[in-house]
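Student: Could you take me through how to read a few features of a model, one at a time, with the general idea placed before the case?

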Amino acid sequence: MAAVKVAGAKVAEAPRTAGPSGRNRRYRLWFALPAIVLVTVFFLLPFIANGVFAFMQWTGYSTTIRWIGLGNFRLVNELGILRHAVVVTLIYAVTGLIVQNVVSITLAKALQQTNRVNTVFRAIFFVPVLISPLAAGYIWAAVLSPTGPLNTVLPWDHHYAWLGNSTTALLAVASIDAWKLSGLITLVYVAGFNRIPRSVIEAATLDGAGAWRRFLAVEFPLLAPAFTFNVVLSLIGAFSALDIVFATTAGGPGDATTLLNVAVYNEYGQGLFGTASALSFVVALMAIVTAVPLIGWLRRREVQL
Amino acid sequence: MKRSMAAAAATVAVGISLAACSSSTSSQSSASDLLTGASPTGVTLTMWHNTADSQALLDLYKAYEKASGNKIVLVNMPQSTFPTAVQTKWATGARPDILEWHGNEDDAESLNIAQNAIDLSSMAFVKKEGTLAQLAGNIDGKTYAASIGFPSVWGIFYNKKDFAKADLSAPQTYADLASDCTVLKTKDAGVSPIYMAGGDQWPTAVLAGFDYMAQYNVGAAYDKSITSDSAKLTDASGPFIAGMTAAEALDKSGCFNSDATTGTWLNSLKAVLNGSAAMVAQSSDSIAILDSDASSATVDANVGFAAVSATKSIANFSPTPLGTYYVPKTGNTTKEKAAIGFIKFITGAGYAAYVKESGGIPTLSGTAVPPLQELWAEVEKAYDAGAALTVNSQIPGFGNFGPVAAELFAGQLTPAQAASKMQAYYLQAQTAMGS
């Protein structure tokens, strides 16, 4: 038992309730129980089941489910689905990450001061977050259609199919996803900017740093906690993206926007549940392998204020 | 450690058993008991149906409700994602009381219909359906579906006015498609010679394979050569690669609409109807959609149908998903009996009225052919002239042909690569069926 000593004399024993006694631990566990149950039922069990089915031959063609080792992974690799979907997902994630964070940091800087005008604009930019992803996808599909408003306002006269070209479709869909979440990311950055002590900025200004220099050398490094949160949110969002892609391109043209989750859906929709599970398992692995080290690295560069 | 291992093992076991349940059936009811006797009344039946169902089919459901005292709750399966929507819902273990689904053997096998649906072979409609009952929802000689919709007859729908303006006659071969495309481009730059609905993906399979392969699949000859392993989809000199090569050449010649990769089935029909596209490779299921866009007279005045294959004028057909019904085993004998009653009604007392309203060709003998609109008459003529079974009908794993053909037209695959992919899908399905 811990005790407080002054000059070698035992003067008082720390109260039993100060430490996490067995009774206290049990008390806290009750509060944690709902979260533990939810995580177990809705994450852990499906995750383990998915991991097992990834190694099973399971299709709608047969009632027999049997172990086939790496057979599903081998098949989706031979079909070119796995590699292609991983590459497309990574491009989608990186594009979304860049667009989302550049736009949001810019907006946050512009809307940093809390006043009536900025509050209105913050609310306006937050609206897309509240829109259903499918609705957002359908709206953008109409905007980007060959006869849609975007082509109408562009200076040149043609009917370009933004969602009909492999490259522009992928970039467009990733950007729509980024646009959809940018309001939320902006608010996080606004909070991050406002958390930076004014005295630090004033000191940099007195030292002769201009606005750009202050941003790069002072504000951006101190924005690290918000940056970490937003990067991880963007990445995980991209890895789990499906609805916006469905509403805009359904994975096309061809398979140009077939992200891993779209590939999972396609396999599942063909009654090929084993290969769908294998692809789904890859999504989980990608999220873990990418996000965990990234969080660790980003956390290390955070500065305690 | 041991405890956590045991917990993991238990989890896996629970998962596997849940999945196994979803794939199998709990029904132990005898088919003969279900097929005889009076149908129960006051029952609510769920039906998964295609949103492209014609008004005549929807009215037939209402007529059944009125006649039986039962209620049908329609669960909409969007036409644009119909196979995927059904498959994903089915995979969860959910079962409707009545399932509207493709009649192709390949599609029936993908739901393991032989295990999961009631054998209807001894019902009266089977004799009336004749040879169609040997194709629609038929696995190993047993009929699991009633198909009251006329088979989907695949070919080319063309705009008569565009063709007349360019002084062209209806195409018969892929060479005709290429030459007609050249002429149409010259005559009117505003008209897309061929509409490709790449956005919906599945329509791409029609031009890439269904139509081209028709002459090679008379008597299901090509299907049999693949399933007996005497030929492969990847054969360099085989018709499968040749079909995709011919279709790809049309694409590269600029014969398709500018939004070919995002175009949709519904828009393709509108385009051919209004003449902004001269042709679209589609099936007779499109006629109901055309008729909903304009009056039958307008449709007949503007749209014609032609049987087109590689080098001969041969149409191809497959049992239609619109009007083909299965009775899944649900374990609820009352509902199963009521669902059988539905099959009896639509193939018996309600059938004549349906045929009359649909204006289509009856699939059951003993029912008079109603006066057909001109476009339907052209389809019937092509069908009666010796249409071949559509190539995807009996080759397992062919449900992926649409997305693969879409990749071909998006320039992401060569015909040989597309064939390799389809061969892999076929082998995967074949292995799964054999397990």
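Student: Which residues does B:A133 touch, not counting residues up to four places away in sequence?

Tutor: Two residues are in contact if their C-beta atoms, placed from the backbone, lie within 7 Å. Leaving out residues up to four places away in sequence, B:A133 touches B:V126, B:N138 and B:T143. Keep in mind that this is a predicted model, in which local features need pLDDT of at least 70 and side-chain atom pairs count only at pLDDT 80 or more, while totals for chains, interfaces and linings use all residues. Residues are numbered from 1 along each chain as its sequence is written, and chains are lettered from A and ligands numbered from 1 in the order in which they are written.

Student: Where is the place of B:A133 in chain B, and is B:A133 buried or exposed?

Tutor: Helices (H or I, at least four residues) and strands (E, at least two) are DSSP runs, numbered from the N terminus. In those terms B:A133 lies in the loop of chain B between α7 (124-129) and β4 (138-139). A residue is buried if 20 or more other C-beta atoms lie within 10 Å of its own, exposed if 12 or fewer, and partly exposed in between. B:A133 has 25 other C-beta atoms within 10 Å, and is therefore buried. The C-alpha atoms of B:A133 and B:L364 are separated by 9.8 Å, although these residues are 231 apart along the chain.

Student: What is the value of phi at A:A250, and at B:N112?

Tutor: For A:A250 phi is near 55°, a positive value in a residue other than glycine, and for B:N112 phi, again positive in a residue other than glycine, is near 50°. A:A250 belongs to the loop between α11 and α12 of chain A and is buried, with 25 other C-beta atoms within 10 Å. B:N112 sits in the loop between α5 (105-110) and α6 (113-116) of chain B, and counts as buried because 22 C-beta neighbours are inside 10 Å.

Student: Which residues does a cis peptide bond join?

Tutor: The cis peptide bond, with omega about 0°, joins A:G252 and A:P253, and A:P253 is placed in the loop between α11 (243-248) and α12 (260-269) of chain A.

Student: How many residues of chain A are in contact with chain B?

Tutor: The size of an interface is often given as the accessible area lost when the parts come together. Counted by contacts here, 36 residues of chain A meet 42 residues of chain B. On the side of chain A that touches chain B, α1 (22-53), α2 (71-78) and α12 of chain A are the elements that give two or more residues, and the largest share, five residues, comes from α1(A).
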